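Visitor: Hey, could you walk me through this one? I'd like to go from the overall fold down to single contacts.

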Amino acid sequence: MAAEAPAEGEADTDADTKPFSTELEDWLRAEGPKTLGSLGGTFGEKSFAVAILLLMFVPALPLPTGGISHVFEVIAALLGLQMVLGRTTIWLPRRFRERQLGALATDKAIPLVGRWIRRLERFSRPRGAGLLRRRPVQRLLGLSLVATSFTALLSPPFSGLDTIPGVAAVLVCGGILLSDLLLVVIGEVIEIAGVIVIVTLGAAATHWIRHLL
């Protein structure tokens with residue numbers, strides 16, 4: 001007996017669903033400005049995680065950023081706060097919403113994000129997806145991302161320590177986008193470790209400076 005054909009409108013959605021890495025590369029290659037404001041129309045409610053991932057990937061890179069990473073960290077903290085408040089669409093002042101991400105992001109960071117996400121997609125699978133979709137959990141993750149952004153912002157200058165919270169934020173956002181609770185947990189553990197390291201070294205540096213004075 002021939003297999004029953006699927007009813008109209010019941011096509012295999014898995015075949016039509018693009019991996020996130022492909023969606024990101026399509027957005028990067030598409031014509032038009034590469035701004036935070038343009039993310040909402042492409043990624044919908046995922047735009048918060050996408051935006052924070054892109055912003056925090058820059059400080060996560062062991063590269064000199066000329067101070068632009070601090071601007072990105074402030075914006076990431078603002079977006080995390082909006083997650084805490086339960087917003088479903090990004091709001092930013094026009095100056096930030098229409099700000100081009102710049103060559104550092106579009107030529108280096110975002111292509112690296114795409115390759116990094118593609119590697120994660122090979123072994124990542126939905127774990128705790130239902131939990132990650134719950135509003136209270138999303139608000140807690142937003143609060144965590146606010147703390148991570150400020151940790152990166154307050155890390156000692158020229159120390160490279162903002163790389164630790166940067167990596168943590170990237171993993172948390174990657175876990176949200178891939179619906180993988182394990183990645184989120186790993187990111188949170190790295191965040192806690194980063195806070196301990198930065199606070200400890202900051203206190204030691206302060207004590208050393210006071211001793212000299």
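Guide: Here is a short tour, from the whole chain to single residues. This is a predicted model, so to speak of its ground rules: local features need pLDDT of at least 70, side-chain atom pairs count only at pLDDT 80 or more, and totals for chains, interfaces and linings use all residues. Residues are numbered from 1 along each chain as its sequence is written, and side-chain values use heavy atoms, with hydrogens and water left out.

Visitor: Okay, how many helices and strands does the protein chain have?

Guide: The protein chain has 11 helices and 0 strands. Both are DSSP runs numbered from the N terminus: helices are H or I with at least four residues, strands E with at least two.

Visitor: And what share of the residues is buried?

Guide: Of the 213 residues, 38% count as buried. Buried means under 20% relative accessible area, exposed over 50%, and partly exposed in between, with a 1.4 Å probe and protein chains only.

Visitor: Switching to the inside: how many residues are in the largest nonpolar core?

Guide: That core has 43 residues, and Phe20, Leu24 and Ile52 are among those with the most contacts inside it. A nonpolar core here is a set of buried Ala, Val, Leu, Ile, Met, Phe, Trp, Tyr and Cys residues joined through side-chain atoms within 4.5 Å.

Visitor: Which element gives the largest share of this core?

Guide: H4 does, with 12 residues. Helix H4 covers 47–60, and other elements giving two or more residues include helix H5 (68–84) and helix H9 (135–153).

Visitor: Ile52 came up. What does isoleucine 52 touch?

Guide: Leaving out residues up to four places away in sequence, isoleucine 52 touches Ala76, Leu79, Gly80, Met83, Leu145 and Cys173. Contact means heavy atoms within 4.5 Å.

Visitor: Which residues are buried in H2?

Guide: Phe20, Ser21, Leu24, Glu25 and Trp27. Seen down the axis of H2, the buried residues fall within an arc of 160°, so they line one face of the helix. That arc is taken from the directions from the helix axis to the C-beta atoms.

Visitor: Where do phenylalanine 20 and phenylalanine 43 lie?

Guide: Phenylalanine 20 lies in helix H2 (residues 20–29) and phenylalanine 43 in helix H3 (residues 39–43), so the pair ties together parts that are 23 residues apart in sequence. Phenylalanine 20 is buried at 6% relative accessible area, and phenylalanine 43 is buried too, at 7%.

Visitor: Now charges. What does aspartate 180 form a salt bridge with?

Guide: Arginine 127, with the closest N and O atoms 2.6 Å apart. The criterion is a side-chain nitrogen of Lys or Arg within 4 Å of a carboxyl oxygen of Asp or Glu, and the whole structure holds 1 such bridge.

Visitor: Is aspartate 180 buried or exposed?

Guide: Aspartate 180 is buried, at 0% relative accessible area, while arginine 127 is partly exposed at 21%.
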